[in-house]
Amino acid sequence: MTVTSTAGSGDTSITVSSGASLTFTSANWNTPQTVTLAAAQDTDTTNGSRTITVAATGLTSRTVTATEADDDGGPTPTHVDNPYAGATGYVNPNWSAKAAAEPGGSAVANTSTAVWLDRIAAIAGAGGAMGLRAHLDEAVRQDAANGSSPLTIQLVIYDLPNRDCSALASNGELLISQDGFNRYKTEYIDAISAILRDSAYANLRIVTIIEPDSLPNLVTNINSFEKCREANGTGGYRDGVRYALNQLHAISNVYTYIDAAHHAWLGWDSNFQPSVNLFYDVVSGTTAGVDSVDGFIVNTANYSATTEPYFTINTTVNGTTVRQSNWVDWNYYVDELTFAQALRSALISKGFRSGLGMLIDTSRNGWGGSARPSGPSTSNDVNQFVDGSRVDRRIHAGNWCNQSGAGLGARPTANPATGLDAYVWIKPPGESDGASTDIPNDEGKKFDRMCDPTYTGNDLNKHNMSGALAGAPLSGQWFSAQFRQLLANAYPPVS
Ligand code: BGC
């Protein structure tokens, strides 16, 4: 007997892709067989339906209705597993114009970079930059212009009270001691979520990067920094991140990724599991529990390589593990991809969703150019081997400000590796990490010597030179010389 499945009236993007005609014999009549339907990309934003009729000679036919989940949103937008898959990335016109104005910059000016909401005034638009609504309106316009692909826009949520508690360059405007938590809730998170809830933006996939460096500071820096110790208490980072997650996760087309620092911050066993425990403690205390996060991001605004191509954590040199080198310094990871994948596994073991997706900020971790090694060193000395083999050319892996020699990294890519939702450009290349001299300002930012090229370092970078470029403006401001260096040292190269 032959059983046919035929698509009938309704949305023609839904079709029978296999099993349209199935044969059942006296030998296999009671073994189920499968009919598979497909839903092709279409130009609308609604969840279309189509009838499928299953028929066989001599039997009464049956008609079922198949409904697609349209990934362009629709009246009830779908919260997809990976907001980057199949999507186009939002191009920030403000960043794009600055990049395009640099020599050769137009080759990358169409890359999607994140929008940093780095103070309350950034929501309305500060210093000539577009505000949140202006960005979302532009994102809707880009979405309409990109055919049937959905559009992903990335926002960095970055205004916790006592922000940047172990450094100075990105100190923020709010303090816990000055009612900062209430202001964070009402003037910042509530103001942002009220805009994101607007139905005009319901078809966008809005990715939020939650508070770079905040929870990691609570893992490693509460003993040495009073501001971090205070941030570990009431009205600090834990309460702030929970509040942000509760408001943002409640909006179905908003995606939340928590910042998890980078391998050279949390990769030692003394920090790794405590981080996993802290993340779990904070997130499980939200209204939706572990469901309130879509994933985690590593390397935000940092320079660690995605992959060190010429050695792994298991490499030995003349019988000595690379872990013993000054560069690796007993860390359990040598790069971001291995760190991100291990962190994901540990988070899932702890109780996070198995669908958790990781992101790596690859905007400035390319390390191309003439100083890039082309193969492993042949030295028998573990330090010389690691220093001659590593593509990350920093003086010390704890250096973080405007690094000399850095290049643009992998361009944004969805599903680049197991467990990863995407490589993303969160730190907009060309925007400074901090001023190399003391520059007065009204944003709360201070002079951090790690941005001063003459600084000889502190405990956090084991008293090495800072490796920072000279002539840098305040964090977030355009640093033309840095952009040109990043472009010249891009890896993969920019053609
Ligand atoms: C700064 C922010 C800026 C962001 C992106 C951070 O270091 O503190 O003001 O928006 O970088 O460049």
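Predicted model: local features only at pLDDT ≥ 70, side-chain atom pairs only at ≥ 80, totals over all residues.
1. Which residues line the second largest cavity? Its lining consists of Asp 118, Arg 119, Arg 163, Gly 172, Glu 173, Glu 443 and Lys 445. Sorted by class, that lining has six charged residues, one polar residue and no nonpolar ones.

2. Now the overall layout. The protein is split into domain 1, running over 2–67, and domain 2, running over 88–488. How far apart are the centres of domain 1 and domain 2? Taken over C-alpha atoms, the two centres are 47 Å apart.

3. A look inside domain 1. Val 54 sits in strand β5, which covers residues 49–55.

4. You'll find Tyr 201 in the loop between α4 and β10 (205–210). Tyr 201 is buried, with a relative accessible area of 2%. Not counting residues up to four places away in sequence, Tyr 201 touches Arg 133, Leu 136, Asp 137, Val 140, Ile 195, Leu 196, Ile 206 and Asn 253. Arg 133 is 68 residues away from Tyr 201 along the chain, with 9.5 Å between the two C-alpha atoms.

5. On to the cysteines. How many disulfides does a search of the whole structure find? Two turn up, and with bonded cysteines counted along the chain they follow the pattern 1-2, 3-4.

6. The torsion about the S-S bond of Cys 165 and Cys 228 is about 100 degrees, so the disulfide is right-handed. Both Cys 165 and Cys 228 are buried.

7. The other bond joins Cys 401 to Cys 451, at an S to S distance of 2.1 Å. It links distant parts of the chain: Cys 401 is in the loop between α11 and β16 (413–414), while Cys 451 is in the loop between β17 (420–424) and α12, 50 residues apart. What hand does the disulfide of Cys 401 and Cys 451 have? Its S-S torsion is about 95 degrees, so the disulfide is right-handed. Cys 401 and Cys 451 are both buried.

8. Some backbone angles to check. Most residues other than glycine have a negative phi, and most peptide bonds are trans. Asn 318 has a positive phi, near 55 degrees, without being a glycine. Asn 318 is placed in the loop between β13 (316–317) and β14 (320–321). With 62% relative accessibility, Asn 318 counts as exposed.

9. Trp 367 is also not a glycine, and its phi is positive at about 55 degrees. Trp 367 lies in the loop between β15 (357–361) and α11 (382–389). Is Trp 367 buried or exposed? Trp 367 is buried, with a relative accessible area of 0%.

10. Helix α12 spans residues 480–488, and its buried residues are Gln 482, Phe 483, Gln 485, Leu 486 and Leu 487. What do the buried residues of α12 pack against? They pack against α1 (93–100). In the segment after α12 comes Pro 492, and the peptide bond between Tyr 491 and Pro 492 is cis, with omega about -5 degrees.

Conventions: Residues numbered from 1 in each chain as written. Heavy atoms only, no water. 1 Å grid on protein atoms, 1.4 Å probe; cavity = no way out; pocket = protein on both sides within 12 Å on 5 of 7 lines; lining within 4 Å. Nonpolar A, V, L, I, M, F, W, Y, C, P; charged D, E, K, R; others polar. Buried < 20%, exposed > 50% of the residue type's maximum accessible area, 1.4 Å probe, protein only. Helix = DSSP H or I, 4+ residues; strand = E, 2+ residues; numbered from the N terminus. Contact = heavy atoms within 4.5 Å. Domains from an automatic or database assignment. Disulfide = S-S within 2.5 Å.
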